[in-house]
Amino acid sequence: MSVLFLILSALVLIYFSVGGKAAAIVMSIATLVGVANDGWHILSFLIGGLLLALALLITLPGDLRLDKFSRPLLGWVRSRLPKLSPTEQEALNSGSVDWDGELFSGKPEWNKLLDAAPAHLTSEEQAFLDGPVEDLCKLLDDWQITHEHYDLPDKVWKFIRDKGFFGLVIPKEDGGLGFSNTAHSEIVMKISTRSVSAAVTVMVPNSLGPGELLMHYGTDDQKHHYLPRLAKGKEIPCFALTSPVAGSDAGAIPDKGIVCKGEWNGKEVLGLKVTWNKRYITLAPVATLIGLAIKVYDPEHLIGDQDDIGVTCVMVPRETDGVNAGARHLPMNTVFMNGPTWGTEVFIPMEQVIGGQDMLGKGWKMLLECLSIGRSISLPALGTGAGKLASLATGSYAYTREQFGRTISQFEGVQEALEPIAGYTYMMDAARLLTAGMLDRGVRPSVPSAVLKYRNTDLMREVINHAMDVVAGRGVITGPRNFLARAYQAVPIGITVEGANILTRSLMIFGQGAIRCHPFIVEEIEAAGMEDEDKAAKQFDGIFYRHLAHTTRNALRAFVLGLSKGWLETAPRQGDIQKYYRQLGRFSAAFALMTDVTLLTVGGGLKARQRLSGRMADCLVQLYYATAVIKQWHEEGYPDDQRDLVEWCLQTCLHDLQDSMREAIINFPVPALRWPLRLLVFPLGATGLNGPDDKLGAKVAATIVNDTPVRQRISRGTFINMDPDDPLGRVLNAYNLANETAEMRQRLHEAIRNRDEDELDGIALLMGHQRKELVDWACAQGIIKADECPKMEEALTALYDVIRVDAFDADGLKALAKGAKGKRKVVERPAKG
């Protein structure tokens, strides 16, 4: 009993993070009590002495512990910690840590999440959304843009320039609108529900490009000259990072600038002779100011002693001799301007280096800082917009489309597809808003930006695929009536650009996050890299024992919370979702433990263990998205009509989190640790988190079908058009009419079902386009009242019009292939023969 008492005493001290001196005192008392109680039993004495020695170790005089323990340990730790390249070190130093650090801690402070300032819009920003953004969406005809003009019409380009869409985030004093990151996200999202091509055109100058870089790093002269011109659209910017042989890895780009003297505006000045070959560059075909990421070299030592200066960001005016641009790529039938740019030994002066000569070699850090902003906004907004469009359009279509006298939204198979459309859209929106709120508080979320880019574009693919399944043949026929085709075609673009999702998941999210967000690893790596051994040992000594206690505490928390199914974890009472808080706290502890074990055992080999890194990334994704859902529900005041959605999201995240962690453990690259990790993380087995059941799934599916406030909440921010000649407006108009005539149509269906076939006077043989005959028969039979007949005919016409698709004659297809307006038909019924 005394042995058990001593062990439990030590565990309690570690679990509650009791400091070294207090722990030494408590363990001394516990050892004396335990030994005395057991009559100085040798086992009690040995265990008590060992535990006391460990507590005393932490409180030993600094020099003694430093020489006898910390110096030898530092040598071992150096062999285990990952080795960082210069670009990785810069990535580590860029950005900042916010809620992601809490998830890595193993014990999240929930109040930090709930009390953080939320994403919000000012009245000016809301007015811009309700005014110019709404007006821009009305100007956009996606079919004409993508199949007739292969470009935005001139009037759209002019509207974008005149209304300041290229200067959304440029400060007002520099001629821009000075909007928040939340406003930027909302604007891009709304435009994307109308036209992906237009949304990309707007988002790129406001996310990654010369404008963003100049705002943060430009010289005063550069800001005063370029920012007003960029804000007003007098300059169209692009930024070229991707090279054919290096992708988006700035550390490997072959594009270069050689420090030299040359002529600029009639004078000999110091500058760079730049050679580049870039591709996939958005706006490059129309850009007047080309931003470039290059490597700078100084072989003649004109500015210093170094040959290799490093990655640098420069601006090259399009009219400069030797600049090539104008050819176009066509990304998956979306027609935003995208293409290659190249040049050979093009001279630019030092004043065209962003930030001036002092910023030579600092380009990678500049890019990383700005990428954390752009990647948090642009593609996540596009993904969320696609989800909202799919929710609104597919839920409406499922309600209006009838089969066997019933709306297909009542079929369980269709509900199974509608369920994730609604749930994942709510989840994407919550994560988007959580991260936008961070940005507006001044956080540069390098890890959340990677999480959001990867997961929102991945969920966009899931949602659009499910929507296509529901819409079926109506979704696969190309033409002006198709309201899903462009979103479906755009999915691979989001998956691929700004870092392909495979690399983002398997290398970036956990690879960077495990180090960047860990409370101790960064300082340990810094200590391990110091050349001064005494200074290194002292810094290491000050951090390693706290790290050891941190790991032990998380191991205990994971085990205890696993045994208790999380019930020993404290949780906020708001929202009555304590059980989810407890499970998230439990898995945060397990995730922190797995992070430490991975770093200490795999260490520098983590880059090659991409399956492990990917599974750990999935764990972080689920933790982040679950807590984002909680945050969003909290900010909206815990409305009860969203509870089903919230619970579906939390159950889905926890189920997927459990599966990812289980897969990480059973495939852990150090086989000897698999059983101990399984015991600590899943002491009762990986069970109990089964995800949403069918009953909850049916309720969630109904949230985008039934005309309720929660349906409006899910699709909030979508451009709404009720025009029956518009692709989306056609579906929404039919949806409204279907709701208005639901009771009438129910009477009609019942009458047809309940009568004998010879009593139907041939009405059962009527085809779908013979609506007037059907309504006339129903009126004659008294099934529909006379004053209801016009509305009924209008509704049936609209419901039939929703399922019609486009057809082109041979000449029309040939003209379409040439980019001209083809002759189009909408076939009412099949042709004979």
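## Aromatic pairs and cysteines in a predicted protein model

The secondary structure of the protein comprises 33 helices and 11 strands, where helices (H or I, at least four residues) and strands (E, at least two) are DSSP runs numbered from the N terminus. This is a predicted model, in which local features need pLDDT of at least 70 and side-chain atom pairs count only at pLDDT 80 or more, while totals for chains, interfaces and linings use all residues. Residues are numbered from 1 along each chain as its sequence is written, and side-chain values use heavy atoms, with hydrogens and water left out.

Of the 833 residues, 57% count as buried; buried means under 20% relative accessible area, exposed over 50%, and partly exposed in between (1.4 Å probe, protein chains only). Among contacts (heavy atoms within 4.5 Å) with a separation of 6 or more, 75% are made by residues 24 or more positions apart.

### Aromatic rings

The whole structure holds 15 aromatic pairs. Rings of Phe, Tyr and Trp (its six-membered ring) pair if their centres lie within 6.5 Å; planes under 30 degrees apart count as stacked, over 60 as edge-to-face and the rest as tilted. Two of the pairs are tabulated below.

| Pair | Centre distance | Plane angle | Class |
|---|---|---|---|
| Tyrosine 424 and tryptophan 648 | 5.5 Å | 75° | edge-to-face |
| Tryptophan 633 and tyrosine 638 | 5.1 Å | 80° | edge-to-face |

Tyrosine 424 lies in helix α16 (residues 412-440) and tryptophan 648 in helix α25 (residues 643-666), so that this pair links distant parts of the chain, 224 residues apart. Both tyrosine 424 and tryptophan 648 are buried. Tryptophan 633 is also buried, at 1% relative accessibility. One aromatic cluster is formed by Phe128, Phe159, Phe165 and Phe179.

Arginine 711 is placed over the face of tyrosine 735, at 4.0 Å from the ring centre. A charge sits over a ring if NZ of Lys or CZ of Arg is within 6 Å of the ring centre and within 35 degrees of the ring normal.

### Cysteines

The count comes to one disulfide, defined as a pair of cysteine sulfur atoms within 2.5 Å. Cysteine 779 is joined to cysteine 789, with an S to S distance of 1.7 Å. The link is left-handed, with -115° about the S-S bond. Because cysteine 779 lies in helix α31 (residues 771-780) and cysteine 789 in helix α32 (residues 789-803), the pair ties together parts that are 10 residues apart in sequence. Cysteine 779 is partly exposed at 24% relative accessibility, whereas cysteine 789 is buried at 11%.

Cysteine 649 is in no disulfide; the nearest cysteine sulfur, that of cysteine 653, is 6.5 Å away. Cysteine 649 is buried, with a relative accessible area of 0%.
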